[in-house]
Amino acid sequence: MFLVTIAAGIGIEENLKQFILVLLVSLSVATLSQSVSWFRQIPYTLLLVIAGLGLAFIDVRLVNLSPPLILFIFLPPLLFEAAWNMQWPALKRDLVPISIYAVFGVVISVAGTALALWQLAGISLATALLIGASVSATDPVSVIALFRELGVEKRLSMLMEGESLFNDGIAVVAFTFLVGFSFGTTEFTIQSLIVEFLTFVGIGIGVGIFIGFGISYLTQRFDLPFVEQSITLISAYGAYLVAEDLGGSGVIAVVITGLILGNFGSRIGMNPRTRVVVTEFWEFVAFFLNSIVFLLIGDQISFAGLGENLGSIAIAIAAVILTRALAIYGLGGLCNWLAKSEISLPDQTVLWWGGLRGSVSIALALSIPTGLPNREATIAIVFGVVLFTLLVQGVTTKTLLEKLGLLSDRTQRQEYLEAIARRVTINRILNHLSQAAISPEIEPEYYQQLTDRLQEQLDSVQKEIDQLYARHPQIQEFTVDQLQKDLVAIEDDTYAEFVRKGWLNESPSSLLDDVFKQESAIPAEGK
């Protein structure tokens, strides 16, 4: 017994050393991406993959990337952070296209990829279906980070991130069903597939709603930022584990929990200061975990396995790209026709090319039971597809955005925001000077000289702002959008204050939604 305890202690110490080594490498790469100007052109997550490939090339394996490590440790907090920051009004507006992309896009991806591998690569249908299910889940973390850095339109980010959040759950459903089909334990009928799908998703939604609203009302009873921060972390893992234990989708449970807490619970149960603390905590968690998981994805690559299956990998990559195009353009046109979604062709092109594969695909491939034939080849093909999407599609997405003209007003927006910041700064300095002018220790003439010079600067900045408005009228739309967001935040905080005091049971419907709709309906001549 004593020897067992010692051995366990040595194992823990060795694992801790490996963990610290992973952190050291990943954070060094992340720091390098911000310190060297050339590396800033590439999202840091892709640099981490490249660094991991370098380690794999010299055969340095940091940690064994197992399915439980991704699915139980990395995935819940990453999903929760994305859902926490997702605004429900924006998600609701595009819920139809996001749902259609998430459900039918996965079906098209699985079927098209499996058909190509079965017919062209000579892979058995059961194995081809598993590969198709593994690579059907999109994971555009790198692209979303690039969108935020470049100031891409919020709606495009919402469409891509919303689809990714929900199609992860659908892909896991499809993969679980196909594993049972491969072993002969699942009967392949449309009826059984629909029942299993509805049960799996329904349990996930139910668990997410129960935990999300339960914690929302619980946090109304106290104001302890660190406790509430810890509760959100527990809820992310708890929702996942409870849903999985009940036979449902842990992925969907985490997403629903994060959406409810981010859009409802944080408003009624947290004061603004606490909400900022919790949001910053989750931004750190996402950065921390992404820094680890993308490094390990590169580090797990087997170059020998890639070389042995190069032909099948090429077919799988072509199939993934073509089926993604069919899903995005075909279903996008359907959404524009049925739901008047108005997803433009440039936006659809970015959604197509930016649909990268990542940690979920790797986890699904690694979780294929050892009893299935061609398991190692299957894993190699999935790794090859993930590697291509991350390094080729991920690196070229910025160029695509520039070619499509989706970054055209970024420079003007930055100039405008810098001018606004200078104007606010000068006004605050002038206000401070007016209050400090009563000090007898400083001559009044000095105050007057400073005030005159600052006023000249203020006039110059205001002239610059007016010129930007004249040259770039679209800046006005940006200004209006920012103002509306500020007003909505004030409305939410006011309602939340009434709910916390017990004067209201729940937040009433938004008054500003109707006001903004009426304002947008006024013809331009009448404004």
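Visitor: Is Phe-57 buried, partly exposed or exposed?
Guide: This is a predicted model, where local features need pLDDT of at least 70, side-chain atom pairs count only at pLDDT 80 or more, and totals for chains, interfaces and linings use all residues. Residues are numbered from 1 along each chain as its sequence is written, and side-chain values use heavy atoms, with hydrogens and water left out. On relative accessible area, buried means under 20%, exposed over 50%, and partly exposed in between (1.4 Å probe, protein chains only). Phe-57 comes out at 65%, so call Phe-57 exposed.

Visitor: What kind of pair do the rings of Phe-57 and Phe-303 make?
Guide: Rings of Phe, Tyr and Trp (its six-membered ring) pair if their centres lie within 6.5 Å; planes under 30 degrees apart are stacked, over 60 edge-to-face, and the rest tilted. A search of the whole structure turns up 10 aromatic pairs. For Phe-57 and Phe-303 the centres are 5.9 Å apart and the planes sit at 90°, so the pair is edge-to-face.

Visitor: How many residues apart in sequence are the parts that this pair ties together?
Guide: Helices here are DSSP runs (H or I, at least four residues), numbered from the N terminus. Phe-57 belongs to helix 2 (residues 44-57) and Phe-303 to helix 13 (residues 303-308), so the parts tied together are 246 residues apart in sequence.

Visitor: Which residues does Ser-359 touch, leaving out those up to four places away in sequence?
Guide: Ser-359 is in helix 16 (residues 359-366). With a relative accessible area of 6%, Ser-359 is buried. Taking contact as heavy atoms within 4.5 Å, Ser-359 touches Ile-70, Asp-139, Val-293 and Ile-297.

Visitor: Which backbone oxygen does the side chain of Arg-375 reach?
Guide: Arg-375 sits in helix 17 (residues 375-403) and is buried, at 18% relative accessible area. Beyond its neighbours within four places in sequence, Arg-375 is in contact with Leu-366, Ile-368, Pro-369 and Thr-370. At 2.7 Å, the Arg-375 side chain reaches the backbone oxygen of Leu-366.

Terms used. Helix = DSSP H or I, 4+ residues; strand = E, 2+ residues; numbered from the N terminus. Polar contact = N/O pair within 3.5 Å; in protein donor to acceptor, adjacent residues only side chain to side chain.
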